[in-house]
Amino acid sequence: MRQTEPRSRPPHLVAWLVELFASTNQSESILGDLHEEFLDIYSESGVVAARRWYRRQGVKSIAHLAGAAFRDAPWSFAAFVLLGFLLRWFGAELPARAIDAILRAQRPYSNEHYDFYVWLVTWGTPIARVIEMTLIGCIIAAIARGKEIVVTTTVTAISVVIVGWNFFLHTRNLPPQIPIPWGYLLASLANWVATLLGAIIIREVRSLSLRLHSTP
Amino acid sequence: MPNRDYLGEFEHIVILAVLRLADQAYGVTVRREIESRTRRGVSIGAIYATLDRLEAKGYVKSQSGDPTPERGGRSKRFFRVTARGVSAFNRTHRALRSLTEGLDLLKSHS
């Protein structure tokens, strides 16, 4: 029986990414196959070759699994992506309204919690937006079972391109005395990364639940 | 119309590999069989994406083996071709044979 000492373990990040992109049914056998071949290459050619092989296989496998998720059901895939944008569109005003409602109900500026009021006015809406986008990621992932990460990665990638392009259009003709709003760009990107985070949370919960149910 | 469905090129190759490997067909062996016989680099993700599609069409069936330490405590997933898979394979093979009949490909394109 071969030992799995620390040096003979496959790259953890690649294994985690493959697990995310594979469906819960596929991930156990795919990771097992990759592990088996990794150990064979490790014993024949050493750890460097084995890790290089694993990384290359991992990247190629992720590309194939992502492509297959789209090719096997293009209409439902497109519908899930559209749902992501619709949820964002319908919920665009919700974080600001929520913070406004809190301010009206609690009236923190009229008592000793003035610092909290300033903090809420400054950071409340951006934080609420990140939470909202995380929830949107959770909703998409809950519906798009089996392709949750591929769908949310697509939504995030499209959004990042749109945000980047809009930012470029708005800043290219800015007069030199006006600073470029990098904070706005970072906040917009963080929102979409939060969508991916929401999907990862749901995917990890599904994997954990499957592991718990399959353990005798 | 599933009974008129033809296999794609890679589906064709994967089904042949699974048939050749009989009861030893799982991700690693299928990948190695294809690489050694076609001299074509194949990723494990491509194998599973294809096998899952074939399973959804009812052309292959899978069954889990026992977890082993060589696999980091994970189990193998063995595949076998179903009767529907064999007829889809034969249908595709017949169509290809019929299309190549009479073409002297070796002489004209070698």
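This is a predicted model: local features need pLDDT of at least 70, side-chain atom pairs count only at pLDDT 80 or more; totals for chains, interfaces and linings use all residues.
1. In which loop of chain B is B:Ala22 found? B:Ala22 sits in the loop that lies between helix H1 (9-21) and helix H2 (27-38) of chain B. Its phi is near 50°, which is a positive value in a residue other than glycine. B:Ala22 is also exposed, with 9 other C-beta atoms within 10 Å.

2. B:Arg39 is exposed, with 7 other C-beta atoms within 10 Å.

3. On confidence, the average pLDDT of chain A is 87, and 94% of its residues score at least 70. Among the elements of chain A, helix H1 (residues 12-21) has the highest mean pLDDT, at 94, whereas helix H5 (residues 94-106) has the lowest, at 81.

4. Taken along the principal axes, the C-alpha atoms of chain A fill a box of roughly 70 × 50 × 40 Å. Of the 216 residues of chain A, 28% count as buried. Among the contacts in chain A with a separation of 6 or more, 77% are accounted for by residues 24 or more positions apart.

5. The domain assignment divides chain A into domain 1 (6-69) and domain 2 (73-214), and the C-alpha centres of these two domains of chain A lie 31 Å apart. The contact between them takes eight residues from domain 1 of chain A and 10 residues from domain 2 of chain A. On the side of domain 1 that touches domain 2, H1, H2 and H3 of chain A each supply at least two residues, and the largest share, three residues, comes from H1(A). The residues of that side of domain 1 divide into four nonpolar, three polar and one charged.

6. Helix H1 of chain A deserves a look of its own. In H1(A), the residues A:Ala15, A:Val18, A:Leu20 and A:Phe21 are buried. What covers the buried residues of H1(A) includes H2, H3, helix H7 (148-171) and helix H8 (182-214) of chain A.

7. Helix H8 of chain A also holds A:Gly198, which is buried, with 23 other C-beta atoms within 10 Å. Leaving out residues up to four places away in sequence, A:Gly198 touches A:Thr134, A:Leu135, A:Ile136, A:Gly137, A:Cys138 and A:Ala141. A:Gly198 and A:Ala141 are 57 residues apart along the chain, yet their C-alpha atoms are separated by 7.7 Å.

8. The contact between the two chains takes 23 residues from chain A and 18 residues from chain B. On the side of chain A that touches chain B, the elements giving two or more residues are helix H2 (24-45) and helix H3 (47-72) of chain A, and the largest share, 12 residues, comes from H2(A). Sorted by class, that side of chain A has eight nonpolar, eight polar and seven charged residues.

9. The largest nonpolar core has 57 residues, and those with the most contacts inside it are B:Val14 and B:Val18. Helix H3 (residues 44-56) of chain B gives the most to this core, with seven residues, while the core also draws at least three residues from each of domain 1 (6-69) and domain 2 (73-214) of chain A. If neighbours within four places in sequence are left aside, B:Val18 is in contact with B:Ala25, B:Val30, B:Val60, B:Phe79, B:Arg80 and B:Val81. As a general point, nonpolar side chains tend to be buried together in soluble globular proteins.

Definitions and conventions. Residues are numbered from 1 along each chain as its sequence is written. Chains are lettered from A and ligands numbered from 1 in the order in which they are written. pLDDT is the predictor's confidence in each residue, from 0 to 100. Helices (H or I, at least four residues) and strands (E, at least two) are DSSP runs, numbered from the N terminus. A nonpolar core is a set of buried Ala, Val, Leu, Ile, Met, Phe, Trp, Tyr and Cys residues joined through C-beta atoms within 7 Å. A residue is buried if 20 or more other C-beta atoms lie within 10 Å of its own, exposed if 12 or fewer, and partly exposed in between; C-beta atoms are placed from the backbone. Domain bounds come from an automatic or database domain assignment. Two residues are in contact if their C-beta atoms, placed from the backbone, lie within 7 Å. Ala, Val, Leu, Ile, Met, Phe, Trp, Tyr, Cys and Pro count as nonpolar, Asp, Glu, Lys and Arg as charged, and the others, Gly among them, as polar.
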